[in-house]
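I opened the model today to look up a few side chains and their surroundings. My notes follow in the order I took them.

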Amino acid sequence: MHLKGISLTTYKVQKMGVVLFCLVFLVGIIMDSKGVEGRKTRAVLENFEYVAMNCRSHSASITDFGGVGDGNTSNTQAFKTAVDHLSQFQSDGGGLLFVPAGKWLTGSFNLTNHFTLFLHKDAVLLASQDMSEWPLIAPLPSYGHGRDGGGRYASLITGSNLTDVIITGENGTIDGQGEMWWQKFHHKQLKNTRPYLIELLYSDGIQISNVTLINSPSWNIHPVYSSNIIIQGITISAPVNSPNTDGINPDSCTNTRIEDCYIVSGDDCVAVKSGWDEYGISFGMPTKQLIIRRLTCISPTSAVIALGSEMSGGIQDVRAENILAINSESGVRIKTGAGRGGFVKDIYVKGFTMHTMKWAFWMTGNYGSHPDDKYDPNALPTIKNINYRDMVADHVKMAARLEGISGDPFTEICISNVTITLAAKPKKVQWTCTDVGGISSDVTPKPCDALADQGADHKTECEYPKDPLPIDDVKLQTCSYERKRYL
């Protein structure tokens, strides 16, 4: 048979050839497309486990929102968009924002409810040097003014009226790039208060864990007017001459747990606060039910643990145990003065080891620094029931400097089972005590007479509560994260 001069056999062969050619061509396109796409979008499975107060049902990466981790591109809007996107899952298991390896430049951004910010071990959040990326906000109501004066620059990572918010990771880094701010502060070029790295306000259920904070412009971690807080496994580092780079400052907070942290600071490693003079008195929100354990601190010009000086709302039931201080100015310091009002009471410290200190104990009743001239000089603080026990210190210049307030003595101080070994060139007088009263037992060198020695036959063990705080009942759970990342 012939078809238009072509035999049927020839036609079938030609048709098969065309079909085969088309198939080969299509397969080639598909394979090539997959090859090209494979180079562009090869799937890599990211998965890890972490511990948290709550796990999340939804997740996203900052790269999903245009984030660029080159250290130069601003990601402020990417972070804001990402948090806004994940906020839709507040009532559906919450959201996790993953920050992968890279250097992510950003200004201030807010978190949301039922939210986790997770930093990869090689992720670095770089605080922007562009002042326009730091909005101005009002002073805290319990302070009346920014701590440096004026208003306040918003913190790098912040949020208000939040529930269940977590900042954690694999020890990724938050770098405040504080040198610019420190220089402006030293040269009096700032009219407003420097930003902090992390500040969460009026919030409940906070976890900050397993991240490294460096070079903060000012304070590092500042939970304020908040409750049920866990700060765990944090590393904080700043030059020891950097101004006001406090480590962790719980401020008018209830039920807080700080543990397993390492801090090198230009100011107090932990500073417990509750408002400033008349503003703190009026606001009236104390810090209470605070436990600090397994803290290591280096702070040559400040305290390992400071109570105050902004304590006008009151500080009560603070417990500290298993603390290591190295090359620091003082172990525990109470800072207050006329005009502060408020109280510091029911303070319990045990298991404190100190190496190379200026003072082991320091109480200051003449601390100045007022927000304005409206404070009441007759607003006197109450300092009582302060307990220190089971402590050792070496290379100490002076055992204690305890200075209360005339007409308003610090009372019910108890120090027991404390051994202090002096430095090569110690102060001639090891204990100075004015306007204080209490007892001591088994303390070397011998305390001042104001702390009456109970004698070998009446050894006294200063109080330390045996009942746990409610925050100790909060257990972390193991969570998992898994997603495909395309290269």
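I looked up I386 and found it at 0% relative accessibility, so it counts as buried. The model is a predicted one, and I read every value below as computed from it. I386 sits in strand β28, residues 382–403. Leaving out residues up to four places away in sequence, I listed what I386 touches: I334, V344, I347, M363, E412, I413 and C414. I also checked I386 against D472, 86 residues away along the chain. Their C-alpha atoms are 22 Å apart.

Next I searched for nonpolar cores. The largest has 94 residues. The residues with the most contacts inside it are L117, I157, I198, F352, F361, Y388 and W431. I picked F352 from that list and noted its contacts beyond four places in sequence, among them V304, I305, I323, D390, M391 and V392. A second, separate core has 9 residues, including F48, F98, C479 and Y481.

Then I turned to charges. Side chains of opposite charge can pair when their charged atoms come close. My search of the whole structure returned 19 salt bridges. I followed R293.

Which residues bridge to R293? E259 does, at 3.1 Å from N to O. R293 lies in strand β24 (residues 287–298) and E259 in strand β22 (residues 254–264), so this pair ties together parts 34 residues apart in sequence. R293 has a relative accessible area of 12%, under the 20% cut-off, so I logged it as buried. E259 is buried too, at 5%.

E321 also bridges to R293, at 3.3 Å from N to O. E321 belongs to strand β26, residues 315–335, and lies 28 residues from R293. Both E321 and R293 are buried.

D472 forms a salt bridge with R293 as well, with the closest N and O atoms 3.1 Å apart. D472 is in the loop between β32 (451–453) and β33 (477–486), 179 residues from R293. At 18% relative accessibility, D472 counts as buried. I then traced the network of salt bridges: R257, E259, D260, R293, R294, E321 and D472 are linked in it.

Last entry: R56. I placed it in the loop between β3 (43–52) and β4 (58–61). Is R56 buried or exposed? It counts as buried, at 12% relative accessibility. A polar atom of the R56 side chain lies 3.1 Å from the backbone oxygen of F115. The R56 side chain also makes a polar contact with the side chain of T116, at 2.8 Å. Beyond four places in sequence, R56 touches residues including Y50, G93, H114, D164 and I166.

How values were computed:
Residues numbered from 1 in each chain as written. Predicted model: local features only at pLDDT ≥ 70, side-chain atom pairs only at ≥ 80, totals over all residues. Heavy atoms only, no water. Helix = DSSP H or I, 4+ residues; strand = E, 2+ residues; numbered from the N terminus. Buried < 20%, exposed > 50% of the residue type's maximum accessible area, 1.4 Å probe, protein only. Polar contact = N/O pair within 3.5 Å; in protein donor to acceptor, adjacent residues only side chain to side chain. Contact = heavy atoms within 4.5 Å. Core = buried A, V, L, I, M, F, W, Y, C linked by side-chain atoms within 4.5 Å. Salt bridge = Lys/Arg side-chain N within 4 Å of Asp/Glu carboxyl O.
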